[in-house]
Amino acid sequence: MMKNTVKYAFVVLALTGVAAAGQPVLHQEFDGASSGWRLSSFRKGDHYASARFLEGRLSLQDFWWGGEPFGAEAVSPQFRPCRYWKVEFDFRFQPVPGAKNEYRSVVSLLSESGETVVELPVRWKGGEAEGTLPGNLKIRAKNWYRAKLSLHCDDDRWDLELVPRETPAETQRAEALSLRHVAPVRRLRFEAVSGGGNMGVLDVDNLTVTDLKSSVPRRRAVLGTLENGGGRLVFLPSGRVELFRVEEGKTRFLGVLGVPETAGESPVFRLQKLRNDAPDFPRVDIEGIATGTEVRGSNAKVIGLLASDAEGKKKFLAQWTLFPEAARLRLYRFGTPEKARPEVLLPFAPAAGIQPGARFQPVRTLPTPGEPEQQTRAMLQEFTGQGRRLVAAAAPGLPEFFRDGRFRLEWKLTKMPWQPEMFCATLAFSLRPDDGTARREAAMLAAEDRIILELRSGDAFFLHDRPGKVRVTAHTANNFRTPLRVDVEYRARDYGGVTVAEGTFSKVLAPGEPWACSIPLELKEAGPVWMEATARHRYGADYARICTGVLPPAPVRSGRESRMGIAAYRGTVGAHTEVRSERQLLELMRRIGVRYLRATSSPETARELGFTLWYHNNIAGTAADDYFAGRPSWLNDPEKRREFLRGNLETTRKRGAELLEFTNEWNLSGGERKAVRAERYAKEWLPLLCEERNRTAPEIRLGGAVVANGDLPYLRKIHEAGMWDKFDVLVFHASGVPRAPDNPSDVYWNYLKTLVDIRKALREFGDKPIYCSEFYAPTAPNTSCSNNERSGAEDLALMFALGTAADVKNMMYYRLDDIDRHTPIATVAQLGEPQHRESYFGLVRRDWVPKASLWSYAAAARFFDRAEFKGDVELGPELFGLLFDSPQGEFAVLWNRREGYVDHEAFTPRPWHRPPWQELWTRQDPVVLPADRFVTVTDVVGRSRKLSPVSGKVTVPLTGAPVYVKGAKLKPVKGYFSKLLFPER
């Protein structure tokens, strides 16, 4: 068969002007047998990713493959190690017509150990006419190109040339691309990287690898440099900028920033002097003087890189400012960005051995008349390796700030009194080796903040095991162009509102100078302590608040003996604020008494630490929407549903989980109590799931129904279909916040009503264990649809008390940590309700600062774990008590409702929450209890006090906040809650 002769060359070569001879070490035309190649393909139903030899070429295809492994790949035979090399091959890329996803295929050169020496990604955004390669080189769909990748020089960089065979005059080049790793090349790997579906086809032919034997010195032009004692920027004629750190007289290469992908075809670059170059008030008036200038009154330097097209029309101005150990790019666009693409993409190749690391979204805390609110300060990406560190930052805007080797920045309108409106994007780099200081500096520069403040303690979650003297460190820095006096004022209050520390520190800081001042604090008892601080100078201020305190670790017990669980926590750590490892998160949960996990990213580590696991899954997305709407979907096929469920059972077993919870709140589809999906669940899913469990995994228990609140019509339909016995555990979710958990209102979204209805279902349809896999007390600041932090802690304790009284065997709080469903962090004014509160279910904030509810959960675990309900405690009108027995002894939960119940109000714009150290309740009613020994009264955050009996009695003042009482001689009665929950007894 004659091959297609209309092909293009995709070529990477050293632009030295010197021809490089060498010896081929691998040549492959893929005509016949291609021995030694390793091909990996995957299929699941109609979805597949494949690598194969087809019609005389290597073909990698992806069709709706979105699972694991990541995608198809083809790995070449091993060849002789090449330190200096040239790789040539023909290729074409064919995206699936009409698809709109973003696709990627990757060509990699690998070392002996499998490390990536060179990575050449081919990216294609669905619906667009062109794809891109490194250096912003363009390719068109279905056209053949020839590629040559070449390392000729000793500078650990390679060059790329892309030649279309039909139109060689359209050759494109990219110079001095950075290696991922410095090592001889031994193999090639071609990958079709799945992005969730519809990648397309990558065809490869005529592959040759040549050993060039020796290096050729690189000859290149430089437009200019900008340098000081800490950093160096090198500007190349191509518009690319190289970043270096200068340390003890030595220059260390960190990476190279490419040309903005909005620059158009073949822009011309020249350096420009900037007039009036104060970094906090930039001007973009330019003079034709190619030199850097000092920033007046500062130790920074600034220069401009102007890009114009072939006709001299200005495209953009890159204003670079070099600080002592940082650099900032302000990219100004001439003209308005397209509405469809309000972003600018900047390729970045880190130096060999430096890899992208953790992502961060540090927050700015805003003081308000109510509770402080948080907003994203900046988006950060860390690069580390080979003893080097670089932190990049951008103003908040687009999600996934760095992806596929490119920074994604958002064009923002800038308004200056001395210039026309322009669009600007900002990117900052900190060159400091210290990670904490580097992150703060990069965030401050990207956010254009003149001062920054961050409070830190020695623990990852600001917690301490025992009372004693501790220190909180206030980190600040001056980002103004002149030296300024900085004052740090602080004040700390305990749960009772008592000020336990306050003071002021002052110091004159040079421009860019960081300062860490140590604040002494004495913690005298268990419970939270809030510290507020403000750093200010004459041109700006920044505010921070943390919560620290004593929280003793809970005793370690097996999960199977416990009712204490967490339904979810952040799967990708460090995505929003900073890194906390999976082990750190698991150890925090173990510390507060969590023993059951419904979801975890590290099942092995979780089991090692003593957790008992569930596995939870659901159907969602387009296929599920089509299935429920009666349209064609793979979910309509019973055998495919069976295969799906079998896979879930296998996953449950592999994770070492004991229970599979399948579906999630299907009863809400069409409205609560409508039971729209009940019949499909009962007839099309439960029989298959039960059959597969009994056949393949009889040891796994099934959690069924998974209803939001006590939806009796939905549960009744399952029972009427004869499917009540097909699952082992009845799973439900319970909510009603901010309505008080014990509020007697007969409404659907009511915690107590949910427990009453779930108990009623067991009486009517048959008894079985009940598990609550989601309940919560959100603490979104300053919204009428959420608790404040103190009432959230009180409600959490009461929910555990009522759930234990209702004999809920397992209670999983949703969730450990606040999350961000939007980037940047959004306010209630931006989102509306109830969407806003969905981000604030956690026991800790997005910056890992604990809330009062973390102490409330820990106290509840000490009392309710393995506790059993004995009955009500009779106290008097509108005074309530529940009596429990536990391995630690008998105790009661007592509270007062003479001041009324918190109810669910209609959304009210901009209410103000009280701070958590302020008591919510104004009324106290004394309750006299019989006692013949000390009685211990513990509040919801674990602060205890002992009361001595007088004449066989103790007096306990009760408010609307529940307290734990241990040591009193109390008798159970069949009172209000016993009758509600167990009328049959």
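Student: Hi! How many aromatic pairs does the count come to here?

Tutor: The count comes to 57 aromatic pairs. The rule takes rings of Phe, Tyr and Trp (its six-membered ring) as a pair if their centres lie within 6.5 Å; planes under 30 degrees apart count as stacked, over 60 as edge-to-face and the rest as tilted. Keep in mind that this is a predicted model, where local features need pLDDT of at least 70 and side-chain atom pairs count only at pLDDT 80 or more, while totals for chains, interfaces and linings use all residues. Residues are numbered from 1 along each chain as its sequence is written, and side-chain values use heavy atoms, with hydrogens and water left out.

Student: Okay, why is the pair of Trp 666 and Trp 685 edge-to-face?

Tutor: Their ring centres are 6.2 Å apart and the planes stand at 80°, so the pair is edge-to-face. A pair of aromatic rings is described by the distance of the centres and the angle of the planes.

Student: Where are Trp 666 and Trp 685 in the chain?

Tutor: Trp 666 is in the loop between strand S49 (659-662) and helix H6 (678-696), and Trp 685 is in helix H6. The two are 19 residues apart, and the pair links distant parts of the chain. The names come from DSSP runs numbered from the N terminus: helices are H or I with at least four residues, strands are E with at least two.

Student: And are Trp 666 and Trp 685 buried or exposed?

Tutor: Both Trp 666 and Trp 685 are buried. Buried means under 20% relative accessible area, exposed over 50%, and partly exposed in between (1.4 Å probe, protein chains only).

Student: What else is in the loop between S49 and H6?

Tutor: Ala 675 has its place in that loop. With 5% relative accessibility, Ala 675 counts as buried. Its phi is near 55°, a positive value in a residue other than glycine. Most residues other than glycine have a negative phi, and most peptide bonds are trans.

Student: Back to H6. How do H6 and H7 cross?

Tutor: The axes of H6 and helix H7 (residues 712-720) come within 8 Å and cross at roughly 40°. Axes are lines fitted to C-alpha atoms, for helices over the stretch in contact, and angles run from 0 to 180 degrees between N-to-C directions. H6 and H7 are therefore oblique to each other; angles under 35 degrees count as roughly parallel, over 145 as roughly antiparallel, 65 to 115 as roughly perpendicular and the rest as oblique. The crossing of H6 and H7 is right-handed, a word used if the near helix is turned clockwise from the far one by less than a right angle, with anticlockwise being left-handed.

Student: Which residues make that contact?

Tutor: From H6 there are Ala 678, Tyr 681, Ala 682 and Leu 686, and from H7 there are Tyr 714, Lys 717 and Ile 718. Contact means heavy atoms within 4.5 Å.

Student: How about H5 and H6?

Tutor: The axes of helix H5 (residues 638-654) and H6 come within 9 Å, crossing at roughly 50°. The crossing of H5 and H6 is right-handed.

Student: New topic: which peptide bond is cis at Pro 738?

Tutor: The bond from Val 737 to Pro 738 is cis, with omega near 5°. Pro 738 is in the loop between strand S51 (729-734) and helix H8 (751-765). The peptide bond from Tyr 814 to Arg 815 is also cis, with omega near 15°.

Student: Where is Arg 815, and what does Arg 815 lie over?

Tutor: Arg 815 is in the loop between strand S53 (810-813) and helix H10 (828-831). Arg 815 lies over the face of Tyr 814, at 5.9 Å from the ring centre. A charge sits over a ring if NZ of Lys or CZ of Arg is within 6 Å of the ring centre and within 35 degrees of the ring normal. The charged end of Lys 768 sits over the ring of Phe 727, 3.8 Å from its centre.

Student: Last one: how many helices and strands are there?

Tutor: The chain has 12 helices and 61 strands. Of its 985 residues, 60% count as buried.
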